[in-house]
Amino acid sequence: MVKSTSKDAQDLFRSLHSAYSATPTNLKIIDMYVVFAVFTALIQVAYMALVGSFPFNSFLSGVLSCVGTAVLAVCLRIQVNKENKEFKGLGFAGEFDSRQYALVLLGLVHRDCELGMGINWSLFPTANTIN
Amino acid sequence: MGAKKASPDLLNSSFSFKSLKLKTKQQELLLRVSILGLVYVLAFIARLFSVLRYESMIHEFDPYFNYRTTLYLTEKGFYEFWNWFDSESWYPLGRIIGGTLYPGLMVTAALIYWTLRFLRFFVHIREVCVLTAPFFASNTTIVAYFFGKEIWDTGAGLVAAALIAICPGYISRSVAGSYDNEAVAIFALLLTFYLFVKAVKTGSLSWALGSAFGYFYMVSAWGGYVFIINLVPLYVLVLLITGRYSMRLYVAYNCMYILGMLLAMQIRFVGFQHVQSGEHMGAMGVFLLMQVFYFLDWVKYQLNDTKLFQTFLRITVTSAILVGGIALGVGTASGYISPWTGRFYSLLDPTYAKDHIPIIASVSEHQPTAWSSFMFDYHILLFLFPAGLYFCFKRLSDATIFIVMYGLTSLYFAGVMVRLILVATPAVCLISAIAVSATVKNLTSLLRTKQKVPQTGSTKGVGSSKSSSKVTLDQSQPFQKNGAIALLVGVFYLLSRYAIHCTWVTSEAYSSPSIVLAARGAHGNRIIFDDYREAYYWLRQNTPTDAKVMSWWDYGYQITAMGNRTVIVDNNTWNNTHIATVGRAMSSYEDEAYDIMRSLDVNYVLVVFGGVTGYSSDDINKFLWMVRIGGGVYPVIKEPDYLVNGEFRVDKGASPKMLNCLMYKLCYYRFGELVTEYGKPTGYDRARGVEIGNKDIKLEHLEEAYTTSNWIVRIYRVKPPTNRL
């Protein structure tokens with residue numbers, strides 16, 4: 001029983017590996033980026049488990065922005081993948097622009113969350129202390 | 001369809017409409033734009049009844065708080081507003097206003113105000129506040145048009161815009177002067193839904209971004225955003241289950257959820273609820289489920305081999321469910337994920353509030369809805385809704401599934417709580433618009449077909465307006481055209497009755513400012529009772545600036561906004577014990593009440609009394625709620641003490657505790673000498689219809705400071721203890 005499951009697992013692994021190596025290179029780059037982002041998020045969670053969750057908003061902003069970039073990268077991969085018939089003719093450049101806006105927004109919100117101030121104040125120059 | 005364009009030398013040739021022949025597409029566009037323009041104006045002016053009849057003022061209770069905060073925002077700027085701690089309400093506790101409100105409405109009104117000032121229109125902020133709601137109602141009709149176009153076609157969009165412009169369910173909370181969160185929130189709700197449906201349809205990141213922004217606007221505007229954060233995941237779940245999922249759904253939901261969640265956490269009042277509260281866990285669960293689901297889908301596609309995939313599937317699914325279950329269990333058990341709060345839990349279990357939280361049960365707009373309310377607010381839309389559902393099911397697509405789910409869930413909640421009829425209104429209007437548009441389209445195409453050779457294929461005949469089969473004239477039914485004309489006339493008659501009903505309802509029922517009352521005099525002339533404002537202005541001008549006023553929580557916002565004095569409790573009702581203390585003071589004998597009032601530093605007491613005018617929403621009628629809420633925290637107050645045989649009475653047969661409690665004394669002080677109605681004895685209470693029991697009232701620790709001209713509002717001063725200044 002154990003032997004068959006381990007053989008199954010090996011078969012699984014091998015066929016996955018062979019299928020995956022057939023994907024085009026630009027998609028593989030995106031995949032590596034996704035893995036990197038998820039890995040960073042996991043490191044942050046582990047760090048929080050060690051050190052404690054204060055200040056919570058910094059933790060949340062860090063984790064969620066990592067998850068956010070991962071998700072947006074996956075969206076990009078989906079839209080760029082030629083095998084997805086629903087996204088004909090969008091091409092790399094068109095959706096990349098939308099993704100840039102999304103990422104800029106993500107970055108702004110991340111900064112805002114991290115500083116815990118609600119509606120980012122560095123955009124409005126005022127002489128007040130950051131709390 | 002050949003037609004000439006407008007000739008270029010129009011000025012030279014004689015101007016005749018014949019030379020302005022436009023192509024069909026241009027004609028259609030002109031028609032659509034003009035209809036939308038008319039609907040836009042209609043939505044705005046239908047809400048202006050109270051401005052024309054009374055004056056441009058803020059209505060009711062909650063809008064006064066919103067007005068006060070908007071005033072503060074425009075005067076002091078955004079930073080002061082965001083960090084405002086108010087010591088003028090909930091004395092001596094104070095209230096963190098910056099962190100406990102939804103800023104969307106105030107910021108919107110302030111932005112409009114600043115824009116107008118930039119364009120050199122120097123209007124007062126109150127005018128902007130009064131007209132914000134009608135303005136956003138007009139914008140909602142435009143969004144409804146685009147949404148209808150998305151779900152069905154442009155015809156349905158136009159009908160939806162027209163229906164929602166005058167639907168009483170929406171008008172009730174968005175008349176001019178009703179400066180409340182819902183005015184902006186319904187616009188944000190519909191906008192978010194429209195952008196999300198567009199995102200699912202096109203799979204484009206830009207639309208998903210737009211819907212995240214729409215969601216952020218909704219979170220900033222109203223606590224009802226919980227409806228969106230639960231309906232959208234439910235919709236995604238339904239699509240996954242029915243097998244309609246695709247990559248577009250993945251892109252749309254993920255982008256909206258992550259970005260929307262991050263944006264929503266910028267509002268301090270919402271804070272970290274998106275990761276900590278039980279009401280938001282559904283969205284997160286669906287998010288994780290989607291990741292697993294699409295990952296499995298991708299692996300399946302990669303593998304191309306079912307046997308191996310089955311093993312993989314087994315491993316992943318079991319581990320995912322295990323991990324998810326453990327996380328949820330640990331989170332809920334340890335209390336990290338808070339359970340559903342009382343307000344939303346009572347939507348799922350309507351009997352919960354009555355037994356456990358009397359303060360939620362006492363609000364009149366939280367009561368379950370009667371059928372008459374449904375008929376009053378929806379009229380013909382009530383039976384057009386099921387017809388529209390039928391059409392939606394005939395042509396199922398991602399968009400129609402969404403609107404069906406929105407309609408059914410919102411109607412359920414509308415049945416539980418009167419206030420939520422507002423949330424159901426856009427769905428009901430859209431679905432009814434589909435019914436109307438499809439019916440009219442079928443009937444008119446029947447009218448336009450020429451006689452064809454008799455076919456064996458059957459139509460269902462003109463009698464069934466639900467037929468959408470190919471329209472050919474069946475020779476065996478020679479009066480089809482006449483039947484179609486008759487039905488069309490019927491449809492137009494119904495729609496015209498709807499318009500008449502809506503106008504009548506708006507004029508009679510939903511345009512009263514609540515703070516100014518009107519009645520017909522004996523000769524048919526209109527009498528205005530402006531007692532509330534009279535009393536607040538008396539307070540403003542005749543009391544020391546640091547005076548503290550105790551009243552029931554209904555009037556708190558108005559006293560701070562117009563009277564500019566510190567209050568003990570107000571409509572925010574965030575502290576039940578404080579309100580119970582006030583309730584206890586109102587229902588105790590004068591000596592005990594005096595001790596409580598001294599401990600709270602109360603200088604003035606304000607009560608509302610309707611015995612002279614017959615005004616029935618006064619404090620005596622609300623008294624039992626004061627007793628219940630007070631008794632909920634202080635067991636010394638027992639409700640049966642104030643009742644006689646389970647009955648609430650104020651005449652001679654009333655219980656002695658009732659006849660001598662503070663509220664009774666303050667309301668009926670000197671009332672025993674007054675003749676209110678011809679032929680009745682002195683001290684006849686017109687609101688209860690009885691002669692009061694205790695006419696000879698003496699006050700020991702308070703003295704009468706002011707009674708308004710119709711005795712509606714009465715203010716008493718708390719005397720300092722003897723031997724003190």
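Visitor: How many cavities of 30 Å³ or more does the count come to? Please then describe one of them closely and set it in its context.

Guide: The model is predicted, so local features are taken up only at a pLDDT of at least 70 and side-chain atom pairs only at 80 or more, while totals for chains, interfaces and linings use all residues, and side-chain values rest on heavy atoms, with hydrogens and water left out. Residues are numbered from 1 along each chain as its sequence is written, with chains lettered from A and ligands numbered from 1 in the order of writing.

The count comes to two cavities of 30 Å³ or more. A cavity here is a set of points on a 1 Å grid, over the protein atoms alone, where a 1.4 Å probe fits but cannot get out, and its lining residues have an atom within 4 Å of a point. Points are joined across faces, edges and corners, and the volume is the space filled by probe spheres set on them.

The second largest cavity is the part to examine, and about 60 Å³ of space lies in it. Its lining consists of Y215(B), I228(B), I229(B), V232(B), P233(B), Y253(B), M256(B), Y257(B), G260(B) and M261(B). Helices are DSSP runs of H or I with at least four residues and strands are runs of E with at least two, numbered from the N terminus. The largest share, five residues, comes from α12(B). By class, nine lining residues are nonpolar, one is polar and none is charged. In this scheme Ala, Val, Leu, Ile, Met, Phe, Trp, Tyr, Cys and Pro are nonpolar, Asp, Glu, Lys and Arg are charged, and the others, Gly among them, are polar.

Buried means under 20% relative accessible area, exposed over 50%, and partly exposed in between, with a 1.4 Å probe and protein chains only.

The domain bounds come from an automatic or database assignment, and the C-alpha centres of domain 1 and domain 2 of chain B are 46 Å apart. For residues 548–606 of chain B, an unreviewed UniProt entry lists "domain: STT3/PglB/AglB core". UniProt positions follow the numbering used here, with feature names shortened, and annotations may be inferred rather than shown by experiment. That span is 51% helix and 14% strand, and its end C-alpha atoms lie 11 Å apart.

T202(B) belongs to helix α9 (residues 181–202) and is partly exposed, at a relative accessible area of 35%. T202(B) and Y604(B) are separated by 402 residues in sequence and by 62 Å in space, C-alpha to C-alpha. W504(B), in helix α23 (residues 480–508), is also partly exposed, at 47% relative accessible area. W504(B) and L190(B) are 314 residues apart in sequence and 26 Å apart in space, C-alpha to C-alpha.

The peptide bond from Y91(B) to P92(B) is cis, with omega near -5 degrees, and P92(B) sits in the loop between β1 (85–86) and β2 (95–96) of chain B. R120(B), a residue other than glycine, has a positive phi near 70 degrees; R120(B) lies between α5 (104–118) and α6 (125–151) of chain B and is exposed, at 60% relative accessible area. N645(B), not a glycine, has a positive phi of about 55 degrees. N645(B) falls in the loop between α28 (623–633) and α29 (656–660) of chain B and is exposed, at 80% relative accessible area.

Note on methods: 1 Å grid on protein atoms, 1.4 Å probe; cavity = no way out; pocket = protein on both sides within 12 Å on 5 of 7 lines; lining within 4 Å.
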